[in-house]
Amino acid sequence: MGCHGVLDVSNPTVIQDGDIANAGGANARRLDVVSDFSNRLARIAADVALFTDERVYDRRSAPQPSYGDPDLVLDRRNSQEYEQFGAYDNSDRHLGWLDEIVTKSAIAIPAVHAYAAAANKNDFLAQLFAMRGYAILQMAEDVCPGFPINDVSPNNLPIFSRPYTTDSALTYAIAQFDSALAFGHDSTQFLDFARVAKGRALLDLGQFSQAASVVGVVATSFAYTTDPSVRGNDFAPFQINRWSFNPMAVGNLEWGSGLPFVTANDPRVPTTFVQTRFGDPSDSLYDQLKYPDATTPMVLASGIEARLIEAEAALNSGDASWLVILNTLRSSLVVPSLPALDDPGTMSGDIDLLYQERAFWLYLTGHRLGDLRRLIRVYGRSAASVFPSGAPYPLGGTYGAATSIPFVQVVEAQYNPNITSGCTSR
Amino acid sequence: MGLVSGLLHAQVTVATEAEPTKIDVRRAEALLDRLVTVNVSKATLRQAIDAIAASADVHMPYNNELLAAYPARVTLQVRQVSLRAALAQVLSGTRLRVIPLSNGGLGLQEGDGESLVIRAGGIITGTVVNAATKQPLSGVIISVDDSIRSVRTDESGRYHLRGIKSGNHRLTARMVGFARRTKLVTVIDDSTVVVDLALAVIGANVLDQVVVTATGQQRYRELGHVVAQINADSLVREAPIASVSELLQSRVPGLQVLTSNGGIAGGEISLRLRGVTTFNLDPEPIVVVDGVRYTSNNLVLNGDTQTEDRRGRGELRSPLNDINPNDIATIEVVKGPSASTLYGPDAANGVIVITTKRGQPGKTQFRWYVRPVQNDVPKTRIARGYRAWGHDSSGVLFPGNCSVLDQYAAGLCILDSITVAPTVLDNDAYSILAKSRPAWQYGASVSGGPQALRYFLSGNYDSQIGALQVPPAAQQYLKSLLGVSSLGDAIKTPNTLRTIGVHANVATDVTSKGNISLTTNYSQTAHRSADASYFANQYGSGAPHPGIDTTNVFNYLDPTFSLQTTEEQASRLTGALSGTLQTMPWLTTNGSMGLDLSNGITHSLLPAGELYPDDGGVAEDDRRASTGRTLTFGATALGVPNRLSFRSSVGVQYTYAHLDGLTTTGYGLAPGSTSISTAQQVQTSQLWDETVTLGTYGEEVIGFNDRLFLTGSLRMDGATSLGDAYHPHPYPKAGLSWIASDEPFLKGIPGIDELRFRYSYGAASRYPTSGMKLGQVYGYATPVEGQSHTIFGRSSLANPLLRPERTREAEYGADLTMFGGVRAGLSWFTRRTTDELQRLSNPTGLPPIWGNVASVRAHGFEATVDIPVADTRYVRANMGFTYAYNTNTVLSLGDAKDRKDAFGSGFAVGYPLGAVFGQPIIGVADTVGGHADGIIFPQEVVRDSVVRFLGVIVPPRTYTLTPQLSVFNGHVRMSALFDRQTEFLQSDIYAQNCSSNGLCLAPFLTTTPPLIQARFAASNDADFLEPGDFTRWREMNVTADLPQAWLRIIHFPNATVSLQGRNLALWTKYHGVDPESRDLGFSSASANGIPQARTWSVRFDVTP
C-alpha cells in the first residue's frame, strides 16, 4: 500500500522470536526445558506408580462420570476409561506431558546451537538431547505402541508424527542419546546421564551386552536428578494430604501379587502410617518418606541403575556376577547394610529377584512400568503373570487388562492425519 | 425569475402550524416538493402553468376562464426548483391559490383562502415546538434550500435566519427523533416572515427524519436498514438517567446493556447488539462520538486469550460512561453489518453513533439543573449460613468448616456442633449490607454567540455514595478488636463515585459555504469500587459475626481480611475538529480529526490483616494510558436530474489505538502498611496494545421519484497489528428502500399513511489480535538450576495466515404509519459469521494454535410499535412497545471440538453461543450407610447420564412497554418503562457460594426436600442455574412545567421539575438476588453479587 510508517505498530510487551535470537534467549529456552523436564518427570513417575504396584489410590466419593478421575482410572488400569477421560477432557496427559519436553527441546536445541556461547554450547546441547531422549524413552516404556511423537519445526509450526512402536521409539531415543554423547564431551554429568539412559533403552530392546557396555564407565556414585530448585506443585502427588478426598498411599502387595513395599520394611522405601482406607478400616494407608518435601530431587539416572543394568546383562549372559553386583549395592549403599541375597537358583527366580531389587532401588522414579513391560516383551512372561486382570478393584469394579498406559486416539488424531488407530497392543 | 416579484407588496405574513394536516394535504404537499425545470418566455399564465405541471408530471385541473382573467405575460426560467417555488413565482400578484384536491392532486382556485404556497418576505424567524407537548425544542436545525448553512434553535425554540435573498426558498426544520418539516417561503428584501413550526415526535419508522450515517446526514427514507434514534436531550431532562448506559438501557430493541453489579456506583457494564456471534473477540459494538472512534469498553484482548481491563483491575467504571448524558444531543444505534459496513473494522457488532450538543446562535442562553438522588440496594432472599465444627477419627480438630458433605460423608469430619449465622432475613445488625445513600448531580450550560462564532459550554459534577456497607455492628466489633475509635473510609463507605466533566463546542462559518466545529470533552473520575465478592460472600454465607469469623484463618469472613478496596482515578480528554465545505453546488466535502486520550490509575489494597498478620496483604498500583486518533475525509455529490437522484460518496478513514499499562503488585505487606515498598515480594507486568486501521469506501445511492432508493457501496479496509502487514479486505454493502405508499397505484389504501419496505445487506469484520497470529512466547522468572532465571517458552504456535472474522448480515423489514398516528417498524435479520477464530488444541504436548475454523449463524426479529391512545387538547397518551428476539447456532467448529462440559459453560455445533450444558440431577439414592437417613450425600445424587443443553445465559427475548401521558396542555408529563427479559438461565450465586464453601444448612436438614439437598450436596455449577425470566419496572417519571405565575416570581422563563424512579420493582421466579446482575462474558453462567440499585430522584431544570 505504500503506507509504510503510518501503518506500523510496535509492541514491546510481546516477545518475538527475533527478540530472543541471542545467547540469553537461547539459554532461557533451554531453562524452559530444564524446568519442564523436572516438573513433568515427577508427574510421570506418579502416573507410573499408580499404574503399577508402587502406589495405591483411595477416594472418598465416586467420580462423576465414572471415568472422571484419571488417577483412579490409572490405578484401575482401565484403557477404555483412560481414553474416555482423555476424550472428555480433550487431553492425553501422560503422552502429552512427555511430548511437551520433546517439542520444547525442538525449539531450544536450534536456538542453543545458533546462539549459545561457545564455552557451554556443547554442554547445553548434550543436556537438551539427553532430556529429549529421556522423554522419548519414557514414552516407549510407558505408552502403548502406535503413539505419535509430535514435534515443532524451526518456524514454530507443528510437525505431526507417524505412529511409533515401542522398539522404533526406543531407537529414536537412542539416537537422541547418541547426539548427547557426541556433544557432551565437556561434561561428565550429561555424558553419564545419556549413557545410563541409553543403557536403559538398550535393555528395553533386549540388547543386554550393549547396554552394559554403554554404562560401564559410569561411577556408582553418579546421580542425575530432577532440578531441586524447580518449584511447583508437581511433586505433590508424592504427598498424602490427610484431609484430601483422594489420597494416594504406598502400595503393598497390590493386586495380591504386587511387591510388599510397606511390609518389607526396606530402608530404600521408607513409609509411615497415615490413616485407614475409606470404608475399610482394616486397610491401612501408608505415606512414602522417600520424598519428604517437594524440594527432594528425584533420581532419574544413576550409577546404581548402571550397576543394575550390568547385573541384568550378566544374568542374561549366565555370568554369576549379577548377584555380586546386587549384594555389593545392598552392602555399600545402605546404612546399616542390607543382608546379602541368596541365589534363587532358577532363571525365573533370578529375574524375580533382580526385578525386585530394581523396584526397591528405583522406587517412585518412573522405572517400574518399563520393568514390568520388559518382563513381558523381552522375557516372554505372560501379561497375567505380571499384571492382574479382572480382580476386584478396592474402589469398585475390576482391574483392567492394560499393560501400558494408552494414548488417547481421538485427541492425537484430531489434527494428525497419520494417527488412524489407537494402541496396536495394550 | 424576477418578473412577478415587482407585483408584490412588502408584507409580513405569519404562518403557523394548524391542526394535524389531512392526508390529502400531505400528498399535495409532497407533489409540491417535486422538482421542475421550466423555460418559458412571455407566455400566458396558462401556458406557464401547463409547462410547470408537465415538468412535474402533475395533473393540475383549472378553469380556463379563471386563468384568462390574468392576461399578463409570464417569463419563468428555472432549473431543478420545486413545483412549489415555480408556482409561487408565476402566481405572485394574482389571487389564485394552490389547493389540494380530494384525489390527492393539486388544483387552482381564486380567493383569499390559504394557499399551499406561502408567501412572505424578509428575514425568516420563528419558534419550533414539540407538536405533542407544545414545549420549545432547542437544537433543531433550520436550513434554507438544503444548504449547509443552517442555524439551530435556542433554548426557547427560537431561530433567526437573516440576509436571505429575496425569492422563494425552501425552509427545512430537522431534528433527530422528530419528523422533518419543510415549507416553501418567499422572502422579500427588508421584510420578515415568521414561520412557527411544530415537529411531531416520531418513532424509528417515520421516513422524513434525518440520520447520521458514515457518509454524512441522510434522509431515513433513503436507507435500506433500520436506525434507532434516541433523543437524548429530551430524555435526560425527564427520565431517571445518570449515565450513558442508563440512557441506552431498554431503549432500543436488540440493544442490551448488561450490568455485572448494578448496585455498585460506577459498576461495569457491557453492550450487546443483536446478541453475540464471536467466540473469542470483542463482542461489543463500537462507539463513534462526533465522528471520532471512542473507546467504550474496558476489555482489551491482549495477545492470546488473555484479556485485560483497559483501566486497571477490579470493578471499574466503564469508559462509555465518561460522557455526561446531559451533553448528548442524539444517539443513533446502527445494529449490524447490514448497516455498519462503512464504519470500518470491528463494526461487525454494530455502531453506537453519539452526537454531542453544539453551539447555537442567538442570545446567550443559560441552563442549569440539579438532581438529588437516593440510592438503595434491595434486600433479597439469601441462603442461610452456618458453621459446623468437627474432628477427624483420631480426634484432630477439623481445620475449617466441617460442613462439606464430602468431608462429612467421607468420615473425615465428625460433626460436633453447628453454629447458625444470622442473615439479612433476620434483620441482624451484622447482616445489614445496604444503606440508603445520597447522590447529587449538578450541571450548567451556556450557549449563544453570533452565527459566525456560536458556542456551547457545559459542566457537571456528580457525587455518589454507593448503597453497600460493611454492617454497622461488624464495624463496631472490628473497632473493639483493633482497639481503634474510627475505621478507614474504605470500611465506612466502600463505594463512592465522583465525576467532574466539561464539554465545549465552538462552531463558525468560514464562508457562506463552509463551517468548522471544534468539540472537546474532559472528564475526571474518582471511584472507590466495592469489593463485590466480599458482599457476595456475606449474602451467601451469613455476615461476619462474633463466634463465626474470628476463629481461624480459614474463615474469610473477617471484614478487614477480605474487604479489598480499589481506588480508581481516571481522566479523559476527547476532541473533535470537523468541517464541511460545499465546494460546488452539488458537491459537499467533509473531514474530521479527533483525539481520545485517557489515563487511569488504580490502587487496590487488601490490607495486611491486623487480625492475622501472618497472612500479609496485597497492594497493587496499576497505571494505564490510552490514545486514540481518528482521521476521516469524505465527499458527497448530489445530483437530481429529472426523476432520478444520485448521491455519490467516497471517503477514507484512519484510526489509531494504543494502550500502555504497567501493573506493580506487592505481596506480603508489613502489618499496618499500605505501601508496596514494604512488600516481601513485588511483581510487575506490562500491557501494550497498538492497532492501526485504514479504510476507504465508495457508496452510490440512486433514487427514483423519491420513493425507490438503491444503495451500493464497497469498503476496503485492513488493520495493522504486530506480526501482520496491511492486507485490505473488501466489504460490500447493498440496500433497497421502497416507499410503497408513494406509488400512485398504492395510494388510497384506507388507513395507510406511509408504508416502506426495506432490505439491506452488508459485511464487516473483527480482526485477530497480534498474539493469535504470532503465537505467543512467554517469559517469566522462576527458580531453576539453583537460582532465579528467566525462562522463555512458547504457549501457542504461530499462524500468520489468520484472517479477520467476517460477518455478513441481511436485514429486511417494513415501516408503517397508519390511522394518522399508529407507527410500527418491523425488522428481521439473518447474520452469518465465518472464519471465526478458535484456539485449536493440538495433540497434548504441542502448543495450541489459532485458526479461522468456526462459523455461526444468527437470526432475529425486532419490532417497534407506537400507538397514540388519546389525543385531545387536554390529554395526550401514547403507548410504546418494543420486542426483540435473537438467537444463534454454531454451524461448525472446523477442527475445534465441541465443549459440552458439565460445568455450566461450553459450545457445540448445533447449539447457540453462550449455551450451558450439564447433566441434570434426576433423583437421589439415599443408600449410603446402608439405610435412608434423609441426608443426601454427594455420592447419592443421581444424574442424567447424558450431557444436555440447558439453555443460554443472555436473554434472547426482550420486551419493553412505555406508557406516556401528558395532561394540562402538555405541561404535566408522565411516563414509565417496563422491561421484560426471558428464556435465559441465571446462576443463583449465593446458593452456589454457600454450597461450595460448605456454609449451607440445607444439606443437614432432613426436612429439606431431597432434590434440594442434592443440589447443595453435589455443588455443581450447572445445578444452580435457574430460569432468570423477569419483568422490571425500570423507569418512572412525572415532570411538570412550573406555572407562569411561579416563574414570574422566581424570574425564570422556563423551569421544570421531575420526580424520577429507577428499578422500582422486580417480578421474577428466580431465587437468586437479581437475575440481571450477571457475568459480562457469554461463555460463563456465573452470576454476580450485587442487585440492581433502586433510585429515587428529583430533577430541577431551569433556564434563567
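This report describes salt bridges and a nonpolar surface patch in a predicted model.

## Basis of the model

In this predicted model, local features need pLDDT of at least 70, side-chain atom pairs count only at pLDDT 80 or more, and totals for chains, interfaces and linings use all residues. Residues are numbered from 1 along each chain as its sequence is written, chains are lettered from A and ligands numbered from 1 in the order in which they are written, and side-chain values use heavy atoms, without hydrogens and water.

## Salt bridges

Side chains of opposite charge can pair when their charged atoms come close. Over all chains, the structure holds 66 salt bridges (a side-chain nitrogen of Lys or Arg within 4 Å of a carboxyl oxygen of Asp or Glu).

One of them joins B:Arg274 to B:Glu811, with the closest N and O atoms 2.9 Å apart. The pair ties together parts that are 537 residues apart in sequence, because B:Arg274 lies in a loop between strands 18 and 19 of chain B and B:Glu811 in strand 42 (strands are DSSP runs of E, at least two residues, numbered from the N terminus). B:Arg274 is buried at 1% relative accessible area (buried means under 20%, exposed over 50%, partly exposed in between, with a 1.4 Å probe and protein chains only). B:Glu811 is also buried, at 1%.

## Nonpolar surface patch

A nonpolar patch on the surface, with about 670 Å² of accessible area together, includes B:Leu453, B:Val506 and B:Leu631. Patch residues have over 30% relative accessible area and no salt bridge; like charges are joined within 9 Å, and nonpolar side chains (Val, Leu, Ile, Met, Phe, Trp, Tyr) within 5 Å. Accessible areas come from the Shrake-Rupley method with a 1.4 Å probe, and for residues only the protein chains shown count as cover.

B:Leu631 belongs to strand 34 of chain B and is partly exposed, at 44% relative accessibility.

Terms used:
Helix = DSSP H or I, 4+ residues; strand = E, 2+ residues; numbered from the N terminus.
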